[in-house]
Amino acid sequence: MIRTDQLSTAARFSPTPPYTSLYSAKMARRRTAFLCHSHKDELLAKGLAHLLWQWGWHVYIDWQDASMPPTPDRTTARKIQDKILETDFFLFLATSNSMASRWCPWELGFADGKKSLDSILVVPTREGTSIHGNEYLALYRHIDHNALDHPVVRAAGGSRWSEIGLSSL
């Protein structure tokens, strides 16, 4: 689990990663990911994007895209679908807000129907004693920390014996 205070700290005390286009990121051979999250978790999304950038990833966040309509509509949905398909990975930042969101389950369902299961990763979070995203851990691989506090991807079901280093994806 990733603690929400870790993500908040990463967002506040880290320099802003260079948000290049997906095309530029792919040309630089960076892994790309669409970040599904609640807009109420802006600080957590920024923190996760920064951590992933440090690990060699480029994260697409919809509200950083100037081409998105100011009010969600059919164009918004089409652009989100395009970005989900264009990126290498789909990340679901599981928080109480994303679990209650109307858009996040729709995005996850679209990704589940269009992408390989290996390219869908849940980022479960822990806030105090509450853990968010447990219901998805049996369905999708997820990002966690190993005993050395290094980021790893665990298989669906969460076995510690099936972890892959995040940089190995």
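Tutor: Helices and strands here are DSSP runs, a helix having at least four residues and a strand at least two. The model is predicted. On that basis, the protein chain has 7 helices and 9 strands.

Student: How many residues are in the protein chain, and what percentage of them is buried?

Tutor: Buried means under 20% relative accessible area. The chain has 169 residues, and 47% of them are buried.

Student: Which residues of α3 are buried?

Tutor: They are Leu44, Ala45, Gly47, Leu48, Ala49, His50, Leu51 and Leu52. Trp53 also sits in α3. Its relative accessibility is 30%, so Trp53 counts as partly exposed. Trp53 is 23 residues along the chain from Arg30, yet their C-alpha atoms are separated by 8.9 Å.

Student: How many residues does the largest nonpolar core have, and which have the most contacts inside it?

Tutor: The largest one here has 21 residues, and Leu35 and Leu91 have the most contacts inside it. Two or more residues come from each of α1 (4–13), β2 (31–36), α3, β3 (57–60), β4 (89–94) and β5 (120–127). The largest share, 6 residues, is from α3.

Student: What does Leu35 touch?

Tutor: Set aside residues up to four places away in sequence. Leu35 then touches Ala45, Leu48, Val59, Tyr60, Ile61, Leu91 and Leu93. There is also a second, separate core of 19 residues, including Tyr60, Ala94, Val122 and Tyr140.

Student: Now helix packing. At what angle do α4 and α6 pack?

Tutor: Angles are taken between N-to-C directions. Helix α4 (residues 74–86) and helix α6 (residues 103–114) pack at about 45 degrees, and their axes are 10 Å apart. Angles under 35 degrees would be roughly parallel, and 65 to 115 roughly perpendicular. The two helices are therefore oblique to each other. The crossing of α4 past α6 is right-handed.

Student: Which residues make that contact?

Tutor: From α4 come Thr76, Ala77, Ile80, Gln81, Ile84 and Leu85. From α6 come Trp103, Trp106, Glu107, Phe110, Ala111 and Lys114.

Student: Next, backbone angles. What is phi at Arg29?

Tutor: Most residues other than glycine have a negative phi. Arg29 is not a glycine, yet its phi is positive, near 65 degrees. Arg29 lies in the loop between α2 (22–27) and β2.

Student: Is Arg29 buried or exposed?

Tutor: Exposed means over 50%. Arg29 has 78% relative accessibility, so Arg29 counts as exposed.

Student: Which residues is Gly56 in contact with?

Tutor: Beyond its neighbours within four places in sequence, Gly56 contacts Arg30 and Arg31. Compare Thr32 too: Gly56 and Thr32 are 24 residues apart in sequence, with 9.1 Å between their C-alpha atoms.

Methods:
Residues numbered from 1 in each chain as written. Predicted model: local features only at pLDDT ≥ 70, side-chain atom pairs only at ≥ 80, totals over all residues. Heavy atoms only, no water. Buried < 20%, exposed > 50% of the residue type's maximum accessible area, 1.4 Å probe, protein only. Core = buried A, V, L, I, M, F, W, Y, C linked by side-chain atoms within 4.5 Å. Contact = heavy atoms within 4.5 Å. Axes fitted to C-alpha atoms, helices over the stretch in contact; angles between N-to-C directions. Parallel < 35°, antiparallel > 145°, perpendicular 65-115°, else oblique. Left-handed = near helix turned anticlockwise from the far one by under 90°.
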